[in-house]
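Reader: I am new to this structure and would like to learn how to read it. Please take me through it one feature at a time.

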Amino acid sequence: MAGEDSAKYKEAERKLKQKIKELKTRDRVKEEFLTLALHKLRSPLTPIKEYVSKILDGKTGDINQQQKRYLDIVKRQVERLIRLVEELSELSPVKSGRLGLKKEPIALFDIIDKVVESLKREAEDKGISLCVQLPANQPIVRGDEKTLREVFTKLIKNSLNETSSGGEVIFSVNGKPKVVGQNKFVEILFPDTVGGITQGKSGNKEGAGLGLFMIKSIVEAQGGKVRFEDESSRLAILLPLVG
Amino acid sequence: MPEKVLIVEDEPDTLQLLRESLESEGYEVVTAIDGIEAEDKTHRENPDIIILDIFLPKRDGYEVCRRLREDKDSFGIPIIMLTARDDYGSRLKGFLQGAFDYVTKPFSTDDLIKKMKKLLSTRKK
């Protein structure tokens, strides 16, 4: 019996290893395909952008107002495509898990201080009040400090872009930990003027979908969660608490 | 005597754009549409500089770059690679194969010309 069990175990282990190898190969093939596809997508954009610019710059002679208007639209759409391709490019290392994310204890307020400091000037220049509401106690979270700072900065920056002068951008850290399953998380709530990133609010639909997907990928790769707060539909990032 | 540029690009419209832009700057332009032709034309035409795409039929840009670097007749010709933006892997690989510089797609022909002039003036010294 023991011999049979051992043989079955070895066979199961062999099949599992084979499956893992197949999945890794499939992942690598997908990433190579994505890289090639992105390169092929980028290629047509150069002549389109350049030739349209040459016409708009008057290098082929005068154009009338209607031609200028149409070409301005083409130029805008090409720039939009370029942004879309950039967003797709950013997905690749995260999807394959090769971003090299750290999962170490971080003082959350330190990240928030750095983000606020980096965006303070921009908010002042735009006449927007940038506020952060923090609990009394400093949460210690587990994650990659650099990428979390980039995610927070992206979200707040989007919000600043969507807010008019005289307005305010407020984001907050919930003092009460959220329990999901066996784990405790700290909840960071972002303003509902995150604009292109938030659910249902999108002037740039492709950018919104991909931006949120990228943020979700980064946060989830660190053990966190991204969701929309039930009452206000504000974006919430949950980061695992240490201890 | 105008400086000679070899453009290696398989996409016809991008090739045409590069040709027109460089000719209007006074360069003499020769072209190739795959990796093997790129090496043949390099040896026959002896360009002063090469603009080289990565994804090419028959032989890719990295392999072309590496082979030209290893050849005593072509190793000193500056090569500018056309790579994808944020594709750090491609750029690093290009440099390791011997590329002198790169432009990222979608690129501006003005930026490309600036880099070319810089490399060509360095070469003259």
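Reader: Is Leu6(B) buried or exposed, and why?

Author: The approach is to count neighbours, with 20 or more other C-beta atoms within 10 Å as the mark of a buried residue. Leu6(B) has 24 C-beta neighbours inside 10 Å, so it counts as buried.

Reader: Which residues is Leu6(B) in contact with, leaving aside its neighbours within four places in sequence?

Author: Its partners on that basis are Val30(B), Ala32(B), Lys41(B), Thr42(B), Glu45(B), Pro47(B) and Ile50(B). Distance along the chain is another thing to compare: Leu6(B) and Ile51(B) are 45 residues apart in sequence, and their C-alpha atoms are separated by 6.2 Å.

Reader: Which residues touch the most other members of the largest nonpolar core?

Author: That core has 31 residues, and the ones touching the most other members are Val8(B), Ile51(B), Leu52(B), Cys65(B), Ile79(B), Ile80(B) and Met81(B). At least two core residues come from each of these elements of chain B: β1 (4-8), α1 (12-24), β3 (49-53), α3 (61-70), β4 (79-84) and β5 (101-105). Another core, of 28 residues, lies apart from it and includes Leu108(A), Leu130(A), Phe152(A) and Phe185(A).

Reader: What does Leu52(B) touch, not counting residues up to four places away in sequence?

Author: Leu52(B) touches Val8(B), Ala38(B), Gly61(B), Val64(B), Cys65(B), Ile79(B), Ile80(B), Met81(B) and Leu82(B).

Reader: Where in chain B should I look at the backbone angles?

Author: A cis peptide bond, with omega about -5°, joins Lys105(B) and Pro106(B); Pro106(B) is in the loop between β5 and α5 (109-124) of chain B. Asn46(B) is not a glycine, although it has a positive phi of about 50°. Asn46(B) sits in the loop between α2 (35-45) and β3 of chain B, and counts as partly exposed because it has 13 C-beta neighbours inside 10 Å. Lys58(B), also a residue other than glycine, has a positive phi near 70°. The place of Lys58(B) is the loop between β3 and α3 of chain B; with 14 other C-beta atoms within 10 Å, Lys58(B) is partly exposed.

Reader: How do I check a helix, such as α1(A)?

Author: Compare its expected span with the distance between its ends. At 1.5 Å a residue, the 55 residues of α1(A) should span 81 Å, and the end C-alpha atoms are 80 Å apart, which agrees. Just after α1(A), Gly58(A) takes a positive phi of about 85°. Helix α4 (residues 145-162) of chain A can be checked likewise: its 18 residues should span 26 Å, and its end C-alpha atoms are 26 Å apart, which agrees.

Reader: Which residues of α4(A) are buried?

Author: An α-helix has 3.6 residues a turn, so residues three or four places apart point the same way. In α4(A) the buried residues are Leu148(A), Val151(A), Phe152(A), Leu155(A), Ile156(A), Asn158(A), Ser159(A) and Leu160(A).

Reader: How many residues does each chain bring to the contact?

Author: Chain A brings 14 residues and chain B 12 residues. On the side of chain A that touches chain B, α1 (2-56) and α2 (65-95) each supply at least two residues. The most come from α1(A), with 11 residues. By class, this side of chain A has six nonpolar, four polar and four charged residues.

Reader: What is the average pLDDT of chain A?

Author: Chain A averages 81, and 83% of the residues score at least 70. Over residues 195-210 of chain A the pLDDT is below 50, and this stretch has 30 contacts in the model beyond near neighbours in sequence. Where pLDDT is low, the predicted coordinates should not be read in detail.

How values were computed
Residues are numbered from 1 along each chain as its sequence is written. Chains are lettered from A and ligands numbered from 1 in the order in which they are written. This is a predicted model: local features need pLDDT of at least 70, side-chain atom pairs count only at pLDDT 80 or more; totals for chains, interfaces and linings use all residues. A nonpolar core is a set of buried Ala, Val, Leu, Ile, Met, Phe, Trp, Tyr and Cys residues joined through C-beta atoms within 7 Å. A residue is buried if 20 or more other C-beta atoms lie within 10 Å of its own, exposed if 12 or fewer, and partly exposed in between; C-beta atoms are placed from the backbone. Helices (H or I, at least four residues) and strands (E, at least two) are DSSP runs, numbered from the N terminus. Two residues are in contact if their C-beta atoms, placed from the backbone, lie within 7 Å. The expected span of a helix is 1.5 Å times one less than its number of residues. Ala, Val, Leu, Ile, Met, Phe, Trp, Tyr, Cys and Pro count as nonpolar, Asp, Glu, Lys and Arg as charged, and the others, Gly among them, as polar. pLDDT is the predictor's confidence in each residue, from 0 to 100.
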